[in-house]
Amino acid sequence: MENKLPPGQFETEKWPVLHQGEVYEFDEASWSFKLFGEVEAEKTLTYSEVMKLPKTISSIDMHCVTTWSKFGTAFEGIAMRELIKKVELHPHVNYVKIYGYYNGDPFGYSANLPLKDLMGDDALFVYRWKDDNNEWSDISPKHGYPLRFIPPASFYLWKGSKWATGIQFMKEDEEGFWEELGYSMTANPYKEERYR
Ligand SMILES: Nc1nc2c(c(=O)[nH]1)N[C@H]1C(S)=C(S)[C@@H](COP(=O)(O)O)O[C@H]1N2
Ligand SMILES: [Mo]
């Protein structure tokens, strides 16, 4: 399955830019990352607290529902499983919603995902990538700086919230930004789950 082009997709070498609304401009003083929902105690982390968490480097394939796929981009970031360690989850938490900025609203964008699929090295909140010159550089504001979720390749890239601001832990699945507009809850590119 890996490195195989999903149906209806074409391969691109460059990393295209796609989002709704304005590009968020990072301000460390007002930035924070919130862990909330079905947890014993909610937690809000500062930028430096997030950046002190253990790092993961991994190479991830990206599949955008607008039909481009980009294979094997190397990212550095913080794995979902590291962030989860900061809170105590209630029993039966099966889904998460990952939030990001939309036109100045820190919780204006969101995407829902099943938690069980996000425990590996390929579910990363990234801040750095190996760029077109094969050098490590910060991801650009347009790609979601200072922190941007990249989902595993078994999900279309709209599940990857840019300018990430928090994770809501949930017992039941719940629609995010694009899902409310008719896009797939499960979004597997290999099964071409674009709409529902
Ligand atoms: N905050 C936020 N994140 C977002 C979006 C958005 O509009 N706002 N668009 C999503 C969509 S539809 C896609 S395809 C990817 C594109 O990511 P890229 O521009 O880094 O390639 O970002 C996703 N994350
Ligand atoms: Mo998209």
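## Aromatic clustering

Ring pairs join Tyr-102, Tyr-109, Tyr-156, Trp-158, Phe-177, Trp-178, Tyr-183 and Tyr-195 into a cluster. Rings of Phe, Tyr and Trp (its six-membered ring) are taken to pair if their centres lie within 6.5 Å; planes under 30 degrees apart are called stacked, those over 60 edge-to-face, and the rest tilted. The count by this rule is 20 aromatic pairs.

The pair of Tyr-99 and Phe-107 is edge-to-face, because the ring centres are 5.3 Å apart and the planes stand at 65 degrees. Trp-178 and Tyr-183 also form an edge-to-face aromatic pair, with 5.3 Å from centre to centre and 70 degrees between the planes.

## Basis of the model

The model is predicted: local features need pLDDT of at least 70, side-chain atom pairs count only at pLDDT 80 or more, and totals for chains, interfaces and linings use all residues. Residues are numbered from 1 along each chain as its sequence is written, chains are lettered from A and ligands numbered from 1 in the order in which they are written, and side-chain values use heavy atoms, with hydrogens and water left out.

## Accessibility of the paired rings

A residue is buried under 20% relative accessible area, exposed over 50%, and partly exposed in between (1.4 Å probe, protein chains only). Tyr-99 has a relative accessibility of 10% and therefore counts as buried, whereas Phe-107, at 32%, counts as partly exposed.

In the other pair described above, Tyr-183 is buried, with a relative accessible area of 19%.

## A charge over a ring

Lys-34 is placed over the face of Phe-36, at 4.9 Å from the ring centre. A charge is said to sit over a ring if NZ of Lys or CZ of Arg is within 6 Å of the ring centre and within 35 degrees of the ring normal.

## Backbone features in loops

Tyr-145 and Pro-146 are joined by a cis peptide bond, with omega about 15 degrees. Pro-146 belongs to the loop between β9 (136-138) and β10 (148-150). Helices (H or I, at least four residues) and strands (E, at least two) are DSSP runs, numbered from the N terminus.

Thr-67, although not a glycine, has a positive phi of about 95 degrees. This residue lies in the loop between β4 (56-63) and β5 (68-79), and Thr-67 counts as partly exposed at 26% relative accessibility. His-92, likewise a residue other than glycine, has a positive phi near 65 degrees. The loop between α2 (80-84) and β6 (95-102) contains His-92, which counts as exposed at 62% relative accessibility.
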